Every structure is written in structure tokens, then in C-alpha cells.
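Here is a short note for a colleague who is opening this entry for the first time. The points below can be followed one by one beside the display.

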Amino acid sequence: MARNDVLQTGELTDTYYYILLALVEARHGYLIMKTIEELTKGSFTVGPASMYTSIKKLLSAGMIEQLEEEKDKKTYIITEQGISLLKNDIKRREEMIQQAKMIFGQKGEDF
């Protein structure tokens, strides 16, 4: 499955997930990368090339929109469609964690 199809299936990659999460508040590219790095305490980072490729695809899919361009900085924010996709993906991830806990719990193992 091509990565473009990921947005249509509702199963976000970690990069899409964190970019959408960062864009619950309007931010420009550098702040998106910085927010993700701070949010994950450096355990997940998105480089500029990957981020701008993802932003282009998220814009094309209508998941984010560009608000303004000021001094060569483009500011983006998540759309209602993007929020819906993000919330559905969060539910999917929560279910995956619950399933894993159930399996480990059946084996008597804790996290």
C-alpha cells in the first residue's frame, strides 16, 4: 500500500500522527518539529524533508490547511477532517494497547 493511501485508510503513520497532533494549534514548520521533539522528549523526531513531504500530503488530503505566510514562514492548522482522523487513530491505538495488555495479562506479565 502506498503511503498516500495511509491517509485514506485512517491508519496514520507516526509522522502523520505527530504532525496532526502538533497542529491542533497553528504552527509553522520549525515549531511543528520542535513541538514533536518536546512532546516525545526526543524519542521521535521528524526531519525537514520528511515533514514538508508529509505536510504537502496532509494539505492535499484536506487534513490541514495553510493559514498565512509571513516572512517566508507558512503557518498550518489541523482541519475538522484532520481532527476526526486523528481522534479515530487515537481510538485505534488505544484498542491496540488494550489488546496487548490483555495478552500480556493472560501470561501473567505486567508492563
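Predicted model: local features only at pLDDT ≥ 70, side-chain atom pairs only at ≥ 80, totals over all residues.

1. Asp 14 belongs to helix 2 and Arg 93 to helix 5, so the pair ties together parts of the chain that are 79 residues apart in sequence. Asp 14, with a relative accessibility of 38%, counts as partly exposed. Arg 93 also forms a salt bridge with Asp 89, where the closest N and O atoms are 2.5 Å apart, and Asp 89 in turn forms a salt bridge with Arg 92, at 2.9 Å between the closest N and O atoms.

2. Asp 89 is buried, with a relative accessible area of 0%, whereas Arg 92 has a relative accessible area of 24% and is partly exposed.

3. **The nonpolar core.** The largest nonpolar core has 23 residues, and the members that touch the most others are Leu 12, Ile 19, Leu 20, Ile 32 and Leu 58. Two or more residues each are given to this core by helix 1 (3-9), helix 2 (14-22), helix 3 (29-39), helix 4 (48-60), strand 3 and helix 5 (80-106). Helix 2 provides the largest share, with six residues. Leaving aside residues up to four places away in sequence, the contacts of Leu 20 include Leu 12, Leu 58, Met 63, Ile 64 and Ile 78, together with Gly 82, Leu 85 and Leu 86.

4. Which residues of helix 4 are buried, and which are exposed? Met 51, Ser 54, Ile 55 and Leu 58 are the buried ones, and they cover an arc of only 105° around the axis, which puts them on the same side of helix 4. Ala 49, Lys 56 and Ser 60 are exposed on the other side of helix 4. As for the length of helix 4, its 13 residues should span 18 Å at 1.5 Å a residue, and the end C-alpha atoms are 18 Å apart, which agrees. Just after helix 4 comes Gly 62, which takes a positive phi of about 80°.

5. Three strands form an open sheet with the order 1-3-2 and antiparallel pairing. Strand 1 (27-28) and strand 2 (64-70) stand at the edges with a single partner strand each, so one side of each has no neighbour in the sheet. Strand 1 is joined to strand 3 (residues 73-78) by two bridges, and His 28 has Thr 75 in strand 3 as its bridge partner. Strand 2 and strand 3 pair over six bridges, in the antiparallel sense, and Glu 69 stands opposite Lys 74 in strand 3.

6. **Backbone angles worth a second look.** Most residues other than glycine have a negative phi, and most peptide bonds are trans. In the hairpin of strand 2 and strand 3, which has two residues between the strands, Lys 71 takes a positive phi near 50°. Asp 72, in the loop between strand 2 and strand 3, has a phi near 65°, and this residue is exposed, with a relative accessible area of 74%. Lys 41, in the loop between helix 3 and helix 4, has a positive phi near 55° and is also exposed, with a relative accessible area of 79%.

Key
Residues numbered from 1 in each chain as written. Heavy atoms only, no water. Pairing = 2+ DSSP bridges. Helix = DSSP H or I, 4+ residues; strand = E, 2+ residues; numbered from the N terminus. Core = buried A, V, L, I, M, F, W, Y, C linked by side-chain atoms within 4.5 Å. Buried < 20%, exposed > 50% of the residue type's maximum accessible area, 1.4 Å probe, protein only. Contact = heavy atoms within 4.5 Å. Salt bridge = Lys/Arg side-chain N within 4 Å of Asp/Glu carboxyl O. Expected span 1.5 Å × (residues − 1). Arc of directions from axis to C-beta.
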